[in-house]
Amino acid sequence: MATHRSVQIAAITLLVMTLLLFSLRPIEAQIGVCYGTFGNNLPTKQQVVNLFKSNGIGFMRIYSPDPTALQALQDSGIKLLLGIPNDQLQNLAQNPTQATQWVQSNVVPFASTIRYIAVGNEVQQPDKPFVLAAIRNVQNALNAANLAAQIKVSTAIYSAFITNSSPPSNGQFGDLSFMGPVVNFLKSNGSPLLINIYPYFAYIGDKKDIPLDYALFTSPGPVVIDNNGLKYQNLFDAMVDSVYAALAKAGGSDIPIVVSESGWPSNGGDSATVGNAGTYYKNLVNHVRNGTPRKPSQIETYLFAMFDENQKGGAPTEQHFGLFFPNQQSKYSGLALSS
């Protein structure tokens, strides 16, 4: 009997020690990477999926349903944020049958991989009036396919949707007639709000008031002290918390945020250097496991972007956000992307 008790005590001790060691492990942030395809020198879809896997990247964002990419992702273990392009919103909003067909073609065969559907990205006029109806029609199609519990529908906005963002607790949605119903939908369906956060653009737009170290997570102390007493040592936290404040004012205080894009260019413009970009990405990855002053819990975050895209339009910096060169070599040494 004594031997039996000793075995039990040893087993319990081992279990307690295992649980203690597990509790002391650092929280792994949920880090994803955006996979854009505006380049004529990029790897094949299967090579890209293999590169995600070899670097331990567990989450991917794509901006439209590419069949080859979706097929390559099957059985990869990578979870997907799947986008619907802005130019498809009107059709999906006005034709519920089209939304059903879209889900049947692009979601149902690949459902085990898909985590979120982003109905539009940073949508402006003339597509803005179609966002909510498109979201609802896609949600109804997921309901009919019995996929609503595992795939959440949202839309991706950006910082221009927020006004009075300094200090962060003053943040509010500039167009509540648009965002109010979207917030209500997200709240009713347990979906997160997707938000693209770019301290780089905020910094180059207001270098007089925004120090570079505040944008790069390297400030030695707080730069902003909010009216509620919260202290901000980096701009990323301040931008995210201004969105949380806006959500609370719109009745969505319990809605989680997923940072659906964040990055820093390595070339092509003001303060766009490999050194600054590497500092930003490394500090961002390390930081998001701790959350923000307002919400101190890890933030699912998608880095922008996997590759430099030599055919991307817009400012020259748009072609230089890649974490990897098109030859699949990493641009930044020591950047750990494991989820």
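Two strands pair if DSSP finds at least two bridges between them; strands (E, at least two residues) and helices (H or I, at least four) are DSSP runs, numbered from the N terminus. The model is predicted: local features need pLDDT of at least 70 and side-chain atom pairs 80 or more, while totals for chains, interfaces and linings use all residues. Residues are numbered from 1 along each chain as its sequence is written, and side-chain values use heavy atoms, without hydrogens and water.

β5 (residues 152–158) runs parallel to β4, with 4 bridges. Helix α6 (residues 131–144) lies on the path from β4 to β5, a right-handed β-α-β crossover (clockwise from the first strand over the helix to the second, with the strands pointing away from the viewer). Strand β3 (residues 79–84) is also parallel to β4, through 5 bridges, and L82 is opposite I117. Of the 8 residues in β4, 6 are buried (under 20% relative accessible area, 1.4 Å probe, protein chains only).

A pocket is an open set of points on a 1 Å grid over the protein atoms alone, where a 1.4 Å probe fits, with protein on both sides within 12 Å along at least five of seven lines; lining residues have an atom within 4 Å of a point. A volume is the space filled by probe spheres set on the points, which are joined across faces, edges and corners.

| Pocket | Volume |
|---|---|
| Largest | About 430 Å³ |

β4 gives 3 residues to the lining of the largest pocket, the largest share. In the second largest pocket, helix α10 (residues 235–249) gives the most, 4 residues.

Technical notes. Buried < 20%, exposed > 50% of the residue type's maximum accessible area, 1.4 Å probe, protein only.
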